[in-house]
Structure formats: C-alpha cells, structure tokens
Protein chains: 2
Amino acid sequence: MQVAIALFPRLTALDCIGPYEILQRIPSIDITFVGERRGEFRTENGMLGLTADATFDELPTPEIVLVPGGIGSREQMRGGPLVEWVRHAHRTTTFTTSVCTGSLILGAAGVLDGLTATTHWGALDTLATFGAKPITQRVVEHVAERVITAAGVSAGIDMAIRLLSLLFDDVAAQAAQVFCEYDPQPPFDAGHPSKVGADVMARLAEYRMARS
Amino acid sequence: MQVAIALFPRLTALDCIGPYEILQRIPSIDITFVGERRGEFRTENGMLGLTADATFDELPTPEIVLVPGGIGSREQMRGGPLVEWVRHAHRTTTFTTSVCTGSLILGAAGVLDGLTATTHWGALDTLATFGAKPITQRVVEHVAERVITAAGVSAGIDMAIRLLSLLFDDVAAQAAQVFCEYDPQPPFDAGHPSKVGADVMARLAEYRMARS
C-alpha cells in the first residue's frame, strides 16, 4: 500500500511525522515523501530539512494521500502543483487525508465540498471559504467520501491510528500504537484554547509575533 | 538558548520531531540538528531523510542535548562520536535529555550512572547494563543532575512540555501545547504492553519480524 506524504516550503514537521511514525509500523505500507521537486524542504522556521524522494508527477495515484499544514499552506492553498496533485490523486485514493492547515489545501482542491472537516483551531474560518463545513473535532472522517481531516499538529497521530483501523483492523492500529508507546500523559490539560487561560493565549500571541 | 538534537543512521523520526515541534514554539530557542557529519540521515526503514546542519564538533556545548532512539541506537551505544559528544557536552548542559532508546546512548556516555531512567518498554533490560536503574514511567527527571529521559517514541512530546516548564514557566509550556493542539484523544487505550491483549502483542511481533 502506497502512502504519499506531501512536503512544501514552511511546513509543520510534526503534522507529517506523527502519522508517518504510526503508519510505517505496518510492513505492507510503503511511505514516500513527495514534493513539487525532489530534495530538501524546510520547516516554517528553517530549522529542519526533510527530504522529498519523488515529485508529484512521479507518484500520481497513491492509495493514501496525506497533506500536512504549516504557515506555508497559506501559499499552497492559492493553487499550484500541490493542489492539482491532490485534485487528481483524490479520484483514485483509498483515503485522502490532512493534518492541521493541510485541510485548506484539500479544500482548495475541491475535496471538501459540502463536507464537515477540521483544521488547526486558528484556521477554522479560512477553511469555511473553501466550501467545507468546519467543526471543532479531533478527527473528522467521511468513509464513503474517502476523506479524513485532523485538527492541529499533534492530531495527526490520533488520525493515523484511526486510519489503520479503517485500512486493516483494530489489532493493527493498536500494535502500531503500543510500538510507539502512545500513552499520552501531557503535564497539563492545555491542548485547546477552550482549556487555557488568557495568560496562556497572551503568551502565545507574543511568541507568534516574535516568530513572524 | 541552543538546543542540539542528535541524528544518526536508522533513528526513529518522531523521537526527535515530537520535542522539536514543542520546543521550537519558543522564539528564544534555537534548534540545530547535529550529526557525525553534516547532511542527510535516514530513519530505520530508509523512508525519510532528515538533515543535520552541523557536526558534533561544531556544536560542542549546547544548553540542551536531546538524543532520540531507534534501531540505530544499538550501534551508537557501543561508543563513537555521538557517545563522546554527549559525554563532553553533558558537563555544561542545562539539561541532557533522551527519548526512547536514546537513553542507551546517554547511559553509554556515563550520564545515567546510579540514576533512575526510562526508555522504550522493549529496552528496559538493556538500559540496566549501563548503570542506570530502569523504571517504567513516561518521563523521569533529575533536576539537580540535569538529566531527563522519556519513554518510547511519542513520550518525547510530554517530556518537551515538562522541559519548557523547567526552563521557562508553566505558561510557556502551555502556550506551546495549545499551539500544537496537543489534546490527545487516541482511539484506543493501547499505549503500553500492560494495556493490550495477547493478540496485539502477537501482531506486533509479526510486524517487527517482517520489518527486520
């Protein structure tokens, strides 16, 4: 089974690496990182390079498409090779999936028309402009329509486990989970804006300003 | 603040990318991926390349050292440039940290002598051979000794949030967590061998055999 994970400039690394780590535990899954060109793509702050081993043209019909998000998705969603690749690949995929603002790219490709979908909590309004019905939910799946979207960054891990249940069975999904020791114990219950105080959101705004 | 994340052949990607994604949210943190040589390192199955931007020699005294695990850690723990770098860097770090079997490399560098520490659930016995006292715990911290070890693969995310509390404050840690929407909702409570049935462990053994 061929999984294609898209790379583009200024992506968020965990959006792809969370699902990659879960999915690669299944020996029959072959994962290829793909891009507009082969070679290295840098994350949003430039601190990490990830390698694309194939171009979109070289992998036109993968069974699973996974599109990550990141600040660079704002550029990608305007159209271009990534959006066109998703549009064409989606016709024959088993599942077309996204993490974080990767759903904006799925939306731009017309994959989310009329469907409920999710994205990073900071991008729900933008998602609505692409014909999707944004909802606040960790993973939104449409099995008949072969589309799954996940919320921000770390939500791709939960999504990938669910995807293994759909593609194989619950035993496969749990085997991948136990190998990755995904037994989360966050020190805080602070994973969503609805769960944190104004002090945390103010600090976040300060950090985002400093990074931009 | 300089964070150095070590790369080596056949590492586990999420071991480094989980903490990277949390830590990079803090603008005063500068993260460099380092290796025995500059350039690309491949994950255990060869499906992903990550770029090292500096050699160990070029970054001898980072404030934070983070060592990931993966099947390649079995080779690294026998000694060599990575172990020597950890041994020397640890003298002046603020914290020396590991995820998964990265703790075997910390152990080989003498960093864990007499300390409780953790690793992937499948490597606890090996960890004991390096003078550490292995315990089953998600994150094991020794603040006075400046050492933190995390359990398998995904545990690095929890560790990194805790590290931000220690380095900055709880507000910084929560700001990073909310940005990464780390509000885990795994479809199964199957993150540790103690939580799954024999069918799951049998499947895992089958998968590991097929991959090796």
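Visitor: In what order do the 7 strands of the open sheet in chain B stand?
Guide: In this predicted model, local features need pLDDT of at least 70 and side-chain atom pairs 80 or more, while totals for chains, interfaces and linings use all residues. Residues are numbered from 1 along each chain as written, strands are DSSP runs of E of at least two residues and helices runs of H or I of at least four, numbered from the N terminus, and two strands pair if DSSP finds at least two bridges between them. β5 (54–55) and β10 (139–142) of chain B each have a single partner strand, so one side of each lacks a neighbour in the sheet. With mixed pairing, the order in chain B is β5-β2-β1-β6-β7-β11-β10.

Visitor: Which residue of β6(B) is the bridge partner of Ile5(B)?
Guide: Strand β1 (residues 2–6) of chain B runs parallel to strand β6 (residues 64–67) of chain B, and 3 bridges join them. In β6(B), the partner of Ile5(B) is Leu66(B).

Visitor: Which helix supplies the largest share of the side of chain B that touches chain A?
Guide: Counting residues as in contact if their C-beta atoms, placed from the backbone, lie within 7 Å, 61 residues of chain B meet 61 residues of chain A. Among the elements of chain B that each supply at least two residues to this side are α1 (13–23), α6 (155–167) and α8 (198–211). The largest share, 8 residues, comes from α7(B).

Visitor: Which helix of chain B do the buried residues of α7(A) pack against?
Guide: A residue is buried if 20 or more other C-beta atoms, placed from the backbone, lie within 10 Å of its own, and 8 of the 10 residues of α7(A) are buried. These buried residues pack against α1 and α6 of chain A, together with, from chain B, α8.

Definitions and conventions: Chains lettered and ligands numbered in written order. Contact = placed C-beta atoms within 7 Å. Buried ≥ 20, exposed ≤ 12 C-beta atoms within 10 Å, placed from the backbone.
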